Amino acid sequence: MRYISTRGGMPPKTFSQILLGGLASDGGLAMPETYPRISPSDLDEWRGLSYPQLAFEILTRFADDIPAKDLRDIINRTYTSEIFHSKEITPLKTLSPGLHILGLSNGPTLAFKDIAMQLLGNLFEYALDKTRKSLNILGATSGDTGSSAEYAMRGKRGIRVFMLSPHGKMSLFQTAQMFSLQDPNILNIAIRGVFDDCQDIVKAVSNDHAFKQKYYIGTVNSINWARVAAQIVYYFKGYFAATRSNAEQVSFAVPSGNFGNICAGHVARMMGLPIRQLILATNENDVLDEFFRSGCYRPRTNAETRHTSSPSMDISKASNFERFIFDLVGRDASKVKELWRSVDKGASFDLADTPLWESVKDFGIVSGTSNHASRIATIRRVYQDYGMVVDTHTADGIKVGLEKRESGVPLICLETALPVKFSESIIEAIGKEPDRPSGFENLEGLPQRYVVMDSDTDAVKSFIAEQA
Ligand SMILES: *Cc1c(COP(=O)(O)O)cnc(C)c1O
């Protein structure tokens with residue numbers, strides 16, 4: 001399997017060559033040259049596999065330059081019941097006939113990003129061992145991504161994590177999750193500022209190419225192809241759990257921000273998984289819903305991005321969306337390049353009056369949007385009707401999923417976080433605190449380890465240089 005860029009300017013590379021990289025050299029995103037096709041007999045064989053066995057079958061098709069024995073070992077160490085708290089890894093709960101929740105948030109940070117990030121930690125360690133290099137991961141977080149990256153990279157050989165977060169702006173739970181880590185290779189930097197200040201520092205450091213090279217600075221952002229590949233697995237797992245035969249179709253409801261999770265669903269469908277609809281749900285930040293309703297992709301500015309009660313979907317620009325457009329335009333990289341010339345300038349593009357808009361239908365994606373009132377109402381309704389408490393992001397997905405589902409087609413709603421992470425909204429919806437999973441009882445009382453710094457790129461650089 002070779003990887004090419006959505007903008008056509010990268011010589012084909014192997015999986016290992018793109019694993020540690022961010023954007024391709026031409027500014028595009030890495031994509032497999034072709035999607036592996038899964039035959040009906042593959043599906044028959046895979047139906048009975050455990051999560052790690054299934055993950056191996058899928059990932060070996062994308063990471064075919066990693067020896068099978070090594071890949072199997074990496075996967076077996078990643079998807080364990082110690083880390084994900086059940087043998088199924090992503091258990092399916094049935095609320096009523098044809099309505100299911102796929103639990104993706106039983107990993108160490110209680111959000112679905114762990115599924116890909118835990119694998120990434122082991123893949124990075126393996127790749128760095130081979131090259132005898134050490135990597136300094138620099139990131140900015142307002143919550144979920146940073147903690148998921150830290151829990152995946154803690155204690156890993158050859159990896160140090162520098163994670164910037166806005167001082168005093170995360171929830172107590174999120175802060176404690178990150179800052180209570182005592183591993184020497186995890187360095188939390190609380191910046192006196194807001195999330196955008198943190199992100200600006202990361203950009204400034206990344207643009208200093210000499211510094212970046214000298215200290216071998218990397219990222220773990222959501223455009224990393226290995227993260228998308230890891231997420232393909234649970235679409236297959238969910239499908240098998242919700243159906244009896246491979247003649248059946250299912251639809252998935254997916255709460256979306258950066259188009260990462262649903263991108264994996266799109267790839268699963270292209271590979272031949274019988275997915276009828278991929279139902280994309282946004283919150284008030286509805287840039288993706290706008291595209292799938294109107295054909296116009298209009299990324300917003302930071303100032304236009306609203307802070308909502310499903311904060312992990314508060315994005316103004318969906319970084320993985322370029323991958324979908326690459327497929328939509330029939331993999332014509334020059335077309336993608338042309339469209340992103342506008343996007344990279346902060347402008348929009350509109351496909352409504354082009355033949356491309358017609359073909360969007362062929363990809364099965366439909367969309368809808370949610371807001372604070374509807375997500376609270378959904379949490380309440382799911383609790384009253386089924387006795388289950390869901391988080392705010394999952395609620396956005398359920399709300400839109402129920403609106404768009406078709407009769408006779410089972411609907412699988414992806415659960416992307418546990419409610420304990422967003423207890424304020426849960427109390428508002430059902431009048432009581434969500435349950436705490438065991439192991440988290442005293443989280444906020446644990447000793448914390450972090451440094452506080454001004455929003456100053458040079459200070460952050462000196463700190464990295466001192467530690468590295
Ligand atoms: C990141 C995240 C999302 C959005 O996923 P994308 O891959 O960015 O579309 C949804 N819910 C939760 C809880 C998240 O952490």
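**View 1. Bridge between A253 and I279 in a predicted model.** A253 has I279 of strand β10 as its bridge partner; the model shown is predicted. Strand β9, residues 250-255, and strand β10, residues 275-282, are joined by 5 bridges and run in the parallel sense. Strands of a sheet pair through backbone hydrogen bonds, in either a parallel or an antiparallel manner.

**View 2. The open sheet of 6 strands.** Read across the sheet, the strand order is β3-β4-β14-β9-β10-β13, and the pairing is mixed. Its edges are formed by β3 (92-96) and β13 (365-369), each of which pairs on one side only. On average, neighbouring strands in this sheet are turned by 25° against each other, with direction ignored.

**View 3. The open sheet of 5 strands.** This sheet has the order β8-β5-β6-β7-β15, and its pairing is parallel. Strands β8 (217-218) and β15 (451-454) are the edge strands, each pairing on one side only. N136 has I217 in β8 as its bridge partner.

View 4. Helix α20, residues 457-467, lies across β5, β6 (159-166), β7 (186-192), β8 and β15. Relative to β6, helix α20 runs at about 155°. The strands it lies across are those of the open sheet with the order β8-β5-β6-β7-β15.

**View 5. Residues around the ligand.** There are 15 residues around the ligand, and K113, G257, N258, N261 and T416 come nearest. By class, this shell consists of 5 nonpolar, 8 polar and 2 charged residues.

**View 6. Backbone atoms facing ligand oxygen atoms.** A polar backbone atom of G257 is 2.8 Å from an oxygen atom of the ligand. For N258, a backbone N or O atom likewise lies 2.8 Å from a ligand oxygen atom. At N261, the distance from a polar backbone atom to an oxygen atom of the ligand is 2.9 Å. The ligand taken alone exposes 390 Å², of which the protein buries 97%.

Conventions. Residues numbered from 1 in each chain as written. Predicted model: local features only at pLDDT ≥ 70, side-chain atom pairs only at ≥ 80, totals over all residues. Heavy atoms only, no water. Near = heavy atom within 4 Å. Polar contact = N/O pair within 3.5 Å; in protein donor to acceptor, adjacent residues only side chain to side chain. Areas by Shrake-Rupley, 256 points an atom, 1.4 Å probe, with all protein chains shown as cover. Nonpolar A, V, L, I, M, F, W, Y, C, P; charged D, E, K, R; others polar. Pairing = 2+ DSSP bridges. Helix = DSSP H or I, 4+ residues; strand = E, 2+ residues; numbered from the N terminus. Contact = heavy atoms within 4.5 Å. Axes fitted to C-alpha atoms, helices over the stretch in contact; angles between N-to-C directions.
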